[in-house]
Amino acid sequence: MNARAEDPRLTGYDVAKVRADFPILARSVHGKPLTYLDSAASAQRPQTVLDAVNDYETRHHANVHRGVHRLSQEATDLFEAARDTVRRYLNARSNREIVFVRGTTEAINLVAQSYGRPRLQSDDEILITGLEHHANIVPWQMLCQQTGARLIVAPIDRTGNVALESIDARLTARTRLVAVAHVSNALGTILPIREITRLAHARGVPVLVDGAQAVPHEDVDVQALDCDFYAFSGHKVYGPTGVGVLYGREQLLEAMPPWQGGGDMILAVTFDKTTYNTLPYKFEAGTPNISGVVGLAAALRYVESLGRSRIRAHEHSLLQSATRRLAAIPGLEIIGTAPRKAAVISFTIEGIHPHDLGTILDAEGVAIRTGHHCAMPVMDFFGVPATARASLGCYTDQDDIDHLLAALEKAREVFA
Amino acid sequence: MDLRDLYREVILDHYKTPRNFGELAPADGVADGHNPLCGDRLHLTLQLDGDRVRDVRFEGKGCAISTASASMMTEAVKGRTRAEVAQLFDDVHHVLTERDYTPSQDLGKLVALGGVREFPARVKCASLCWHTLNAALAQHDATADSQTPPPNISTE
């Protein structure tokens, strides 16, 4: 292992201490120490998140925004404090711009149905890119079926990058929305969101950003990015599953009709007429995932305590050395070699199907993702049925990469 | 959990050198199998001699387990009647999922697939070809006019 690269005195980042915050990393799998390289699918949770959820459940739980009793007030305070934590994390202007949802997928569906459906007409266009996750493809296809709009795709190049010119060339008088990933889950490509919003806004087109893979690694300042919608999930950023966030520019959210109807999203209901609640509650029908929201806020505070730039520097150094070592393996091809990448290495090995790799690595305690990564068009583009993907997080260390390399060697022996 | 139970010599051999690989034309039955989890695709064609499978071939891209299973299956079902094929699939299916199952017949090298028992995520890899074979036989029954497109079988 490369001790120097991890010396906290040199890097200001003590990965051993970070690992100690994640109890699950102490367990073993098939008698081997767990090597968790699947954080892009779902990241593990630090003790502080587990504690926050547990504290909420054991001491403060009641429904929010409803009761006059003490517990309801405490639950509401925690819930709304969490909203403020998210607002600060994203540097949004107002808490009215922070809508809690189930995850990135629900956030994008909300925008498709509430922003898109009333506005889009036949032959209008929605522009996405060739590297999108299914969650940023299918909701738009459904919207196209409903409205007669067309889905336009700015393709990727052989490195897995999307050229700005390719986006610019597809912005037309009919483009009504641009929806792009901040970071590709299958390839790791980081897209230049600020430049994309500049191009789109020059033509008066709003931009939705799928930030699921970016929030754990990148600085996400929605004002600096100048995006109109930003969606992410709690569980990719060391928080719970089943909770996520939609950021929306206030004047856009204000003009959008509610997506789901029910409790909490109303001010007054009679059988003749319902008056909708104000932002953000208009979009939060039904009792929310309160403990999830509390856990998400704890996760964001945890990431801030480590420092996003320090996490990024740590991951980037690992990404570079791991990429170099993997590329040296005979028959190994790295899929996704864009100049700007985050925390993801997708690869194939000649003669070994990714599914077999996944099984052999698992026997060595190494957890990676194998398959199409919910990005089948990306697999089609590169002409592979699937890839193996190792993804990094704040707790990944050189030992993890060493274990990966050793397990890949084992796989090559099995298939020699 | 021992990897050698899964990746036995005979399985690696059939993966690296699949038997009956290719396409039969004309075919009496055609079907495509797909495992969306891993992206595996299997194109299977067969010729019948009355009630018997005269010849069967497959092509496609798959993992070692799905490729080897398809390769060994094509060897095993040639010359068998539909009823015999059904009985063989029944035995194989039990072998893939049950530890102490006693097959009704000598399964030959097909028993090597039993290693997937310890790897539940991989059972579908081994059974995809059998479901596809069933679909190809059913397609033959359903489409005397040969206008109907071949069925798509998905394990998900």
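Predicted model: local features only at pLDDT ≥ 70, side-chain atom pairs only at ≥ 80, totals over all residues.
Analyst: Two strands pair if DSSP finds at least two bridges between them.

User: What makes the strands E4-E10-E9-E8-E7-E5-E6 of chain A a sheet, and which kind of pairing do they show?

Analyst: There are 7 strands, and they follow one another in that order as an open sheet of chain A. The pairing is mixed. From one neighbour to the next, the strands are turned by 20° on average, with direction ignored.

User: Why are strand E4 and strand E6 of chain A said to stand at the edges?

Analyst: Strand E4 (98–101) and strand E6 (150–154) of chain A each have a single partner strand, so one side of each lacks a neighbour in the sheet.

User: Why do strand E8 and strand E9 of chain A count as paired?

Analyst: The rule asks for at least two bridges. Strand E8 (residues 207–210) and strand E9 (residues 229–233) of chain A have 3 bridges. Across the pair, A:Val209 has A:Tyr230 in E9(A) as its bridge partner.

User: Which helix packs on this sheet, and what does the helix touch?

Analyst: Helix H8 (residues 193–202) of chain A does, touching strand E7 (175–181) and E8 of chain A. The direction of H8 makes about 160° with that of E8(A).

User: What is the order of the 4 strands in the antiparallel sheet of chain A?

Analyst: The order is E13-E14-E17-E16 (chain A), and this sheet is open. Strand E13 (332–335) and strand E16 (369–371) of chain A are the edge strands, each pairing on one side only. The twist from one strand to the next averages 30°.

User: What makes E13(A) and E14(A) a pair?

Analyst: They share 4 bridges in the antiparallel sense. At least two are needed, so the test is passed. Within the pair, A:Glu333 stands opposite A:Thr348 in E14(A). Helix H13 (residues 354–363) of chain A lies across E14, E16 and strand E17 (387–391) of chain A. H13 runs at about 155° to E16(A).

User: How many residues lie between E11(A) and E12(A) in their hairpin?

Analyst: There are 4. Strand E11 (residues 266–269) and strand E12 (residues 274–276) of chain A pair in the antiparallel sense over 3 bridges. That also meets the rule of at least two. A:Ile266 stands opposite A:Tyr276 in E12(A).

User: Why is A:Gln113 called partly exposed?

Analyst: A:Gln113 has 18 other C-beta atoms within 10 Å. Buried would need 20 or more, and exposed means 12 or fewer. The count of 18 falls in between, so A:Gln113 is partly exposed. The residue sits in helix H5 (residues 104–119) of chain A. A:Gln113 and A:Trp259 are 146 residues apart in sequence, yet 6.8 Å apart in space, C-alpha to C-alpha.

User: Why does the size of chain A agree with a compact globule?

Analyst: For 416 residues, such a globule would have a radius of gyration near 22 Å. Chain A has 22 Å, so the two agree. The C-alpha atoms of chain A fill a box of roughly 75 × 55 × 35 Å along the principal axes. Buried residues make up 51% of chain A. Overall, chain A has 15 helices and 17 strands.

User: Which domains is chain A divided into?

Analyst: Domain 1 covers 4–43 + 307–414, and domain 2 covers 50–305. Their C-alpha centres lie 28 Å apart. The contact takes 27 residues from domain 1 and 27 residues from domain 2 of chain A. On the side of domain 1 that touches domain 2, H12(A) gives the largest share, 4 residues. By class, that side has 15 nonpolar, 6 polar and 6 charged residues.

User: How many residues does each chain bring to the contact between chain B and chain A?

Analyst: Chain B gives 17 residues and chain A gives 15 residues. Helix H1 (3–6) and strand E2 (40–49) of chain B each supply at least two residues of the side of chain B that touches chain A. That side has 11 nonpolar, 2 polar and 4 charged residues.

How values were computed. Residues numbered from 1 in each chain as written. Chains lettered and ligands numbered in written order. Contact = placed C-beta atoms within 7 Å. Nonpolar A, V, L, I, M, F, W, Y, C, P; charged D, E, K, R; others polar. Rg over C-alpha atoms; globule rule 2.2 N^0.38 Å. Domains from an automatic or database assignment. Axes fitted to C-alpha atoms, helices over the stretch in contact; angles between N-to-C directions.
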